[in-house]
Amino acid sequence: MNTNPEQDAWSRLRAHAAARLDGGFADRVLQSAHGCPAPAWDRLRAAAADCLRPGFPDRVLAAARERFEIPSYGSQLALSALTAAACLAAVILFHHHELAAADARNLAEWSQIVAAAQDLDAGAR
Amino acid sequence: MDPSSSAALVELVRRAQRGDEAAQRELILAYQHRVAGFVFAMTNRSDVVEDLCQQIFIKMIRAVDRLQAPAQFESWLFRLARNTCIDQLRRQRLRRIFLPFADEHENIPEPPGAVDSEELDALRHALAQLRPQDRALLALVQEGRSHAEISEILGTSVAAVKARLHRAREQLREHYQP
């Protein structure tokens, strides 16, 4: 039992103040602090957890092991550049080959013409 | 191992960084429900939760060896989750621009039983009215992240986090009608 009148007065004040707060006070404070009641968030978490089928960790680990990765823009760009460079090299090589063949053909034709001209010269003499 | 103790979590993360598959599995088991809750709050769609969670945890496994401070694993994981969800929402928006889908095709109603209470319905409705950044903020608070951690995850100041959080809570309260 409290015999201190001041302490007694404080206790009465606290009891009186506490009586002003109704039963749902704590819930209202929490709702005010969080924007909505905490059980709603709990239900959201539970609903989300239900979305994961059993064996989820195994599926994640298997997928990670496969190392399947969607190619990044950088790697796609590099592949395009590599393809373009390979095509350009093929075109240059082909062009060079064709040019060399044409030169060889022309030289052969010129040699024939020269030989024919020499024959004609020799015949005329 | 109980990853809620920070020393145990650091040890678990270190093992996962060394490529220990049992540790990686333990991390997935410890965080799968929390990450799923975060993804659901962010996207408001149950049909993408598992797919996004899988993406998040695959990213976690592939990048965990680059995590400098294992003690900050949780913040790092939720940053991964937030960025993955934001990317998904961006892709969804782009798809809406380029594909001639109407709203009714995009917003397929939840199957019966998926939404089981008025409270949850009301929360999902209220969250849907908020910007994705604000949804992320509220979901991170629900995950027990401190203001300092959230500011690090979102790349902003603590003061900005407090101000945005205050606004987001007010908006949520405004739209929450069970």
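Okay, let's start with a term: helices (H or I, at least four residues) and strands (E, at least two) are DSSP runs, numbered from the N terminus. What we have on screen is a predicted model, where local features need pLDDT of at least 70 and side-chain atom pairs count only at pLDDT 80 or more, while totals for chains, interfaces and linings use all residues. Residues are numbered from 1 along each chain as its sequence is written, chains are lettered from A and ligands numbered from 1 in the order in which they are written, and side-chain values use heavy atoms, with hydrogens and water left out.

B:Asn44 sits in the loop between helix H2 (21-43) and helix H3 (49-63) of chain B. Its phi is near 60 degrees, which is a positive value in a residue other than glycine. As background, most residues other than glycine have a negative phi.

Now chain A. Five helices and zero strands are found there, so along the sequence you read α-α-α-α-α, given how those elements are defined. Of its 125 residues, 14% count as buried. Buried means under 20% relative accessible area, exposed means over 50%, and partly exposed is in between, with a 1.4 Å probe and protein chains only.

Next, how do the two chains meet? In chain A, 31 residues are in contact with 36 residues of chain B, where contact means heavy atoms within 4.5 Å. The size of an interface is often given as the accessible area lost when the parts come together. Between chain A and chain B that buried area is about 3100 Å², and carbon and sulfur atoms give 65% of it.

A salt bridge is a side-chain nitrogen of Lys or Arg within 4 Å of a carboxyl oxygen of Asp or Glu. For instance, B:Glu21 and A:Arg65 pair up that way, at 2.9 Å from N to O. On the chain A side that touches chain B, the elements giving two or more residues are helix H2 (25-34), H3 and helix H4 (56-66) of chain A. Sorted by class, that side has 19 nonpolar, four polar and eight charged residues. The classes work like this: Ala, Val, Leu, Ile, Met, Phe, Trp, Tyr, Cys and Pro are nonpolar, Asp, Glu, Lys and Arg are charged, and the others, Gly among them, are polar.

Let's stay with salt bridges. How many are there over all chains? The search of the whole structure finds 16. One of them joins A:Arg45 and A:Asp42, 3.0 Å from N to O. Both lie in helix H3 (residues 38-50) of chain A, three residues apart, about one turn of the helix. A:Arg45 is partly exposed at 22% relative accessible area, and A:Asp42 is partly exposed at 43%.

Over in chain B, B:Glu143 forms a salt bridge with B:Arg34, with the closest N and O atoms 2.6 Å apart. B:Glu143 is in the loop between helix H7 (132-142) and helix H8 (147-154) of chain B, and B:Arg34 is in helix H2 of chain B, so this pair ties together parts that are 109 residues apart in sequence. Is B:Glu143 buried or exposed? At 9% relative accessibility, B:Glu143 counts as buried, whereas B:Arg34 is partly exposed at 23%.

B:Arg145 and B:Glu149 also meet in a salt bridge, 3.0 Å from N to O. Here B:Arg145 is buried at 9%, and B:Glu149 is partly exposed at 25%. Put together, B:Arg34, B:Glu74, B:Glu143, B:Arg145 and B:Glu149 are linked in a network of salt bridges.

How values were computed:
Buried area is the accessible area (1.4 Å probe) that two parts lose on being put together, summed over both.
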